[in-house]
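Please open the model in your viewer and keep the selection tool at hand.

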Amino acid sequence: MTVLLWGVPTEGPIAMVAAALSRLGVDAVTVHPRAAGEHHVVLGLDPGPGGATLTGSIQVAGRRVALGGIRGAYLRPVEPELVPELARLPATAPDRIHARLVHDTLVAFTEVAGTLTGCRVANRLSSMASNISKPYQAQAVLRHGFSTPATLISDDPDEVLDFVALHGQVVYKSISGVRSIVTAFDPATDRSRLGRLRWCPVQFQEQVRGPDVRVHVVGEEVFAARADTDAVDYRYARAQVGQDARLSAYRLPADVADRCVALAADLDLPFSGIDLKLAPDGRVVCFEVNPSPGFPWYEQEAGLPISAAVARWLTRG
Amino acid sequence: MLLVLTALDDLAALSFVRASETAGTHCTVLTTEAMSFARRRSHRLSDDGVVTRLEMADGTVVSSSNVTGVVNRMLSPPDLAWRHATRQERDYASAELHAFTVSWLNALSCPVRNRPSPECLAGPVPHPFVAAAAAASAGLACPTVRMGTGHEREPARALLLAAASAAGAGSHIRQVVCLDGVVVADDAPPDVRSGVARLAGSLGFDEALVGLDFVVAEDTWWFAGTTPLPELRLGGRDLVGRLLTLLHPDPVAPSP
């Protein structure tokens, strides 16, 4: 059995899953985006009477692996255009074209392999796309019985001020998957900037109080960590309030855990990081489902064996 | 309100509008260009649901409650107001407006053909290799496809070229229009039509308006890909009638 790791080998999540696979005695092949020039890959679909067969192989560091023999794949790829060595090159440079070919072929493989060979993929890039629109994803969140913060996306300053007046304390953040720091709306300083909304709506949300809980779902396993901090965005607590959030393992109520598993399955995300807030009024508010969670902080600080669970899931087929 | 969302130069969409008007059903046309300069955009979510209101520069108001159906042909987000911005700002605004549009159209309770997928505003876009594998399982003629280092780069093009190669000289391209899993007004052979219906089911096109491309040589139809932007004129009056029945509460059959 071979597992494909597609990402930067020194990056925490890839390194920890690689170590967990090693502890299981599982063979892993790592495709490093910065070494694409040394990789060669061919993917084939050969039709037959009962359907198509997947063929082809990938050659990494002189080793050739049949794609049909890869039983699991963990994806944290980097777009070739964002690789420092390639970003400097013109789009027509052979090295950049080669890297794009490797990337696109591995996308094709990871999209189709689950159907044709039973390869377990965490996660397919097409499934990760749900995170491209937070309010779109919130609609799935609502279907699974979670609460969603009262949200206004608007380009109308007066409507925003009415929303702030209604909810008292409000935060704003990006609508899309572009990473943004959740920031509290300050009427004293932000009011004069609202005219800038005119050409692009901005997302405002009621500020929900209570502890943050990050739930990592791996297949049907759930690992939850509670974050305690006074910061608006606990991920940036050091910048916002001068010290990091305190993480600790948290025991989720069984029904909430079940809903997290169902939500992740609905989004076709075998591995995900779900951001919850436990509101004082009893609501379990879900903000986002992260399709490529950076889990090492939670594993190390809260003692959650997430990488081992990912490794087990990848090799379960 | 029957809403048609389209780029200014989408002749197939404008043809549908003309046919609809001829049949007595008015369409409200919103172009990407017009939406780029909307006077006001508001999208609210809460535990009680989603409410959206768009006000156009010409006074047209589109709300969650006054739309009965949508023909969505948008391929690009309404980001033209940002075309002269720096690349970084333009890319950010474009992503935000894409995210807004995906959420708005997916939240509508009325029929929408097509609801955007996260990857494509125009609708479902299965990876070409996923589509090809499903087509083979559905019993359609599928070519052998290769991609990779040393091969064709772009998967959709790889599939099309493989189909053309399998079909050989003298072949031609045909598109079969499929609405909610039903092949519309086409003279494709029965085995192709039934294969398309099976393929539509396996790819989740149960509520979608899509085109399936084939390269045809003699009596073999080689599967060559899918598109969420079918050539609507291929569906003729049959497609117009089906869409009006689906998207308008008081449909009027198209006149001959």
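**A sheet in chain B**

Begin by selecting strand β9 (residues 172-179) of chain B together with strand β11 (residues 209-217) of chain B, which run antiparallel and are joined by eight bridges; strands here are DSSP E runs of at least two residues and helices are H or I runs of at least four, numbered from the N terminus, and two strands pair if DSSP finds at least two bridges between them. This is a predicted model, in which local features need pLDDT of at least 70 and side-chain atom pairs count only at pLDDT 80 or more, while totals for chains, interfaces and linings use all residues. Residues are numbered from 1 along each chain as its sequence is written, and chains are lettered from A and ligands numbered from 1 in the order in which they are written.

Within this pair, pick out Arg174(B), whose bridge partner in β11(B) is Phe214(B). Widening the selection shows an open sheet of four strands, in the order β10-β9-β11-β12 (chain B), with antiparallel pairing. Its edge strands, each pairing on one side only, are β10 (182-183) and β12 (220-227) of chain B.

**Where the chains meet**

Now show both chains: the contact takes 50 residues from chain A and 42 residues from chain B, two residues being in contact if their C-beta atoms, placed from the backbone, lie within 7 Å. On the side of chain B that touches chain A, the elements giving two or more residues are β3 (40-46), α3 (87-107), α4 (128-137) and β8 (145-148) of chain B, and α3(B) gives the most, with 12 residues.

Select strand β3 (residues 40-48) of chain A with β8(B): four bridges join these antiparallel strands, and Leu45(A) stands opposite Val145(B).

Finally, select helix α3 (residues 94-117) of chain A and α4(B), whose axes come within 8 Å and cross at roughly 25 degrees. That angle makes α3(A) roughly parallel to α4(B), a description used for angles under 35 degrees. Their contact is made by Ala108(A), Glu111(A), Val112(A), Thr115(A) and Leu116(A) of α3(A), and by Phe129(B), Val130(B) and Ala133(B) of α4(B).

Methods:
Axes fitted to C-alpha atoms, helices over the stretch in contact; angles between N-to-C directions. Parallel < 35°, antiparallel > 145°, perpendicular 65-115°, else oblique.
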